[in-house]
Amino acid sequence: MLSRTAENLFWLARYVERAENVARLLDVAMRMSSLPHGPTDGPDEWHSAIVAAGCERSFYAKHERASAESVIDHLARDPDNPSSILSCLETARRNGRAVRTALTADMWEAVNATWLETRKLTRDDFVPGRVGRFLERVKERSLLFGGAAGATMLRSDAYWFTRLGTFVERADNTARILDVKYHVLLPKAEPVGGSIDYYQWTAILRSVSALRSYHWVYRDRIKPWLVAELLILRPEMPRSLMSCLGEIARQLEVLGQAYGSRGECHRLAGQLEARLRFGKVEAIFQAGLHEFLTEFIDSNTVLGDEIGRHYLF
Amino acid sequence: MRIRIRHETRYRYDGPVDYAAQVVRLTPRDHEGQRVLSWRVADGSGRMLSGFEDGYGNRSHLVTLARRHEESSIVVTGEVETADTSGVVAGAIDPLPSLYFLRRTEATTPDAAIEALARAQEGVADPVERLHRLMLDVRARVAYEIGSTSVATSAAEALARGRGVCQDHAHVLIASSRLLGFPARYVSGYLWDGSLTGPAEASHAWAEVRIPGLGWVGLDAANGVSPTASYVRIATGLDYADAAPVRGIRRGGAGETLAVSVEVQQVQAQQ
Amino acid sequence: MTSAFDEMGEQASPRPAYTGVAAWLAETPAAALSAKLDEAELIFRRTGITFAVYTEGGDPERLIPFDIIPRVLDAREWSVLERGLAQRVRALNAFIADVYGPQEFVRSGKIPAPLVLHNPGFAAEMVGLRVPAGVYTHIAGIDMVRVGPDEFYVLEDNCRTPSGVSYMLENREATMRLFPDLIRRHRIRPVSHYPEELLGTLRSVAPPAASDNPTVVLLTPGSYNSAYYEHSFLADEMGVELVEGVDLMVEDLVVYMRTTRGRQRVDVIYRRIDDAFLDPLAFRPDSALGVPGLMAAYRAGNVTLANAVGAGIADDKAVYTYVPEMVRFFLGEEPILKNVPTYRCSEADERAHVLDRLHELVVKDVHGSGGYGMLVGPHATKAERAAFAEKIKATPDRYIAQPTLSLSTCPTFVDNGIAPRHVDLRPFVLSGRDIKIVPGGLTRVALREGSLVVNSSQGGGTKDTWVLDG
């Protein structure tokens, strides 16, 4: 298939996934902001959402302070921010339109109808009290897109590149959501493992729809290293880094077999996957969770680039 | 006269370029008064470039570089044997009928000033004399000044400004000749400056006008003469855009620095 | 306009080709037709056939109206057209080959040299290039009009990049779905093999160096182009890649496309991009749609472009007036198809005649297309005619004039029932090693009462076009 088609499919899937994940990030921030706050003058959950979304520079160029209003506006609505949900949906549709004939009618419908809906929204739909409905809708439409791809696409290279896009982006986002916790300081008087800490970890689990899974897997109260283990290492958790990398490696392997050629992206995916498969959460915490996540995000970015390079995007 | 040429075009980009392509018209061909003894068009690594012939019969080459790079170059070297023909060009490859060269282009569309310039020598009956005077008028009206115009400057603009380079002289002369009903074309080439010893900057351009009874005659308005044995004729076209030595495009790279060095030397005949 | 020839004739005593359609119209209530019209619209919307019009406002993805009543040609009528079209396109190809080759037609004085050499459609880039099979217009759309039972005229030739063939195919598809019974009552020659014939034509003109299985691609300006639907439709139907400029690259004078399996050599490009945008190194330097170096590869004989660059010289409306002479000169035959009698404003006495009779003539810009830049004398106001007269005097070379033809009408389903509307016909002629013509073509219909302008950009619609067998 044309490299451009593969590239458009890859990015279509990435942007749909990114829209969903920015919605999830905002969800965490909103949950955290509703927790009891101690007196703190350090950065709060709104700042952390901006950092986790990788939008620090664009945000502070425009706003002085991270507040609920400014952050929600920047991450959900602002058309000048290429990573805002609206921008993601717009970019997703543009990519989709360019390869419309490679999409099934259901996938196109999922992308196009979402975009048409968002065009009717006004600024009022993005104020803190009302944005929840929009965020829910974004998640719903993204899940519909993924479902449509899985249920209607022919299993050929078009499907594999779409899947690659989804999982490269999802891995990136899970790592970022987990990293939010690093940036949100506990109020001074609060002990690690105290109730605020507990609620913050719970919020993260909820935002990736993993709270019940956590209980199911661990049958234990919320412990930071177990949350990290679930979201990083557990293969049965569908948004975990391990799951995503497993999928990436699998799709690349199918492509490698179909085309009879493998490259640096195959090696890199294998290496990243092996590191997660044989990783231990204790070691991760010892070396520092934030450091681990930062390094992972970088490697994952390189992996995305290498996929593009190998398939001539 | 035997002339040796070395022409190097070097691109340096600010930031990596993923793709660059150039079409170069830098190869002379044989006609009366010009014989190519040896010629080579290569890229920076010395690899010969793929050639083709354009619609004007200009020998052209395509360079494409589809991998990330920050600089590239084209190197042209060769030797040409020339003789003085008083500017008359005979036996050249000429796929287009001369009538074609009455066509107007954007760069050579005449305005009132060009029309006045062209009609100034109306009283002169002999076409050779008339065109010769026209050439000198063009030279008088457009002072030679490097950097005063760009490749996009039209004949009318150059005349209005009263300043220009050889390309502008050629365009003004072409525009006025066509207005008088003489087919005229643009020529790019090299000029060996005999007043200097050693190599010199020498890319040049002039015009050729079709004169009944004589055929195509070269007129170099920049120097006010017809080409001599010091001229090497390379490419022709309706205007600069057709005969441009290099035309390029690239993806990526914020800006580019272009370094062109042309060395033209007279080779002493072997005894 | 009431005197126009109606192709069906009286509903009570229709012309033979229309007996089936007339009977069907008589027995089908208007309400049923109306319901079918809605259904047709739904079919087209769902398949995504849209046509963007280059004017402001309006729905950017609007449909060209489809008229559900088919237009019918009988076998005898078609066989004359078919022979005439093949002949005309052979002559046009010979003419274009001559223009960029020996120029014998010019040199023998059959056509004024400046009309060719100074024509904006003349591409010096093509001079001296020999293209496979000597074919320049591989896909030609010849616009025909009819004024009487046996009177067809060629209105204009489209040798550059004629569009509309997807409507021909989709219209037939729609009729078959909407009116299977009506179809069954007739023996209609099929059109659905067009994409296959097109692919065969394109493959037959691959460069000599190509393998036995040459790679064909369709080059589109992209999804924002008004005819993008047609581009993707044809690429799908032929099973070839639909590429944009960025998908192609030239190296060592060979064209490649970038695929996920690596580079793949391209032999034939069915391009739906105008000449000016094909290659920024040869034409408009600001074109982002094209492929740098494409012309170099083309000149080197390593790729075939369909249609050839510079084929548009034959679309010029002044050049058109010389086509009958081309048929005689290049083929030694008498033209089967007639031109509309045309006055050349470039010639003084003809110009005087035109200026005298503006009220009864149609004046056209020789480089115009799509119905733009023309004056329909009888429908214009006095002021409009006076303004146009000034334009003709200022640049006479730019204009030709023709009598206002009384175009034939066909029964058409309009707001207040069935009424006659003027139609034209654009058959598509494929030229490769052989000439192929799919029976019929695209019928365009002027939906406004009395209107003679059938262009889709100016409110025209389309009809399914039937050629009956034997």
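**Figure 1. The contact between chain C and chain A in the predicted model.** Chain C contributes 19 residues to this contact and chain A contributes 15. The model shown here, as in the legends that follow, is predicted. About 1,500 Å² is buried between chain C and chain A, and carbon and sulfur atoms give 47% of that area. On the side of chain C, the trio C:Arg258, C:Thr260 and C:Arg261 supplies 38% of the area buried against chain A, more than any other three residues.

**Figure 2. The contact between chain B and chain C.** Two pairs of chains touch, and the pair formed by chains B and C has the most contacts. The size of an interface is often expressed as the accessible area that is lost when the parts come together. For chain B and chain C the buried area is about 2,200 Å², with 61% given by carbon and sulfur atoms. Within chain B, the residues that lose the most area to chain C are B:Leu99, B:Arg103 and B:Arg247, which together account for 25% of what that side buries.

**Figure 3. The gap between chain A and chain B.** These two chains do not touch. The nearest C-alpha atoms of chain A and chain B are 11 Å apart.

**Figure 4. The fold of chain C.** Chain C contains 14 helices and 21 strands. Its radius of gyration is 22 Å, close to the 23 Å that the globule rule gives for 470 residues, and chain C is therefore as compact as a globular protein of that length. Taken along the principal axes, the box filled by the C-alpha atoms of chain C is roughly 65 × 60 × 45 Å. Of the 470 residues in chain C, 60% are buried. Among contacts in chain C with a separation of 6 or more, 69% are made by residues 24 or more positions apart.

Figure 5. The accessible surface of chain C is about 18,300 Å², and carbon and sulfur atoms hold 50% of it.

Figure 6. C:Ala23 lies in helix H1 of chain C, which spans residues 19-27. The relative accessibility of C:Ala23 is 37%, so this residue counts as partly exposed. C:Leu182 is 159 residues away from C:Ala23 along the chain, and the C-alpha atoms of the two residues are separated by 9.9 Å.

**Figure 7. The fold of chain B.** Five helices and 14 strands make up the secondary structure of chain B. A compact globule of 271 residues would have a radius of gyration near 18 Å, and the 19 Å of chain B agrees with this. The C-alpha atoms of chain B occupy a box of roughly 60 × 50 × 35 Å along the principal axes. Buried residues account for 54% of the 271 residues of chain B. In chain B, 74% of the contacts with a separation of 6 or more join residues 24 or more positions apart.

**Figure 8. The surface and charges of chain B.** Chain B exposes about 11,500 Å², of which 48% is supplied by carbon and sulfur atoms. The side chains of chain B include 29 positive and 32 negative ones, and the centres of these two sets lie 4 Å apart.

Key
Residues numbered from 1 in each chain as written. Chains lettered and ligands numbered in written order. Predicted model: local features only at pLDDT ≥ 70, side-chain atom pairs only at ≥ 80, totals over all residues. Heavy atoms only, no water. Helix = DSSP H or I, 4+ residues; strand = E, 2+ residues; numbered from the N terminus. Rg over C-alpha atoms; globule rule 2.2 N^0.38 Å. Buried < 20%, exposed > 50% of the residue type's maximum accessible area, 1.4 Å probe, protein only. Contact = heavy atoms within 4.5 Å. Areas by Shrake-Rupley, 256 points an atom, 1.4 Å probe, with all protein chains shown as cover. Buried area = accessible area lost by both parts, 1.4 Å probe. Lys, Arg positive; Asp, Glu negative; His and termini not counted. Charge placed at Lys NZ, Arg CZ, Asp CG, Glu CD.
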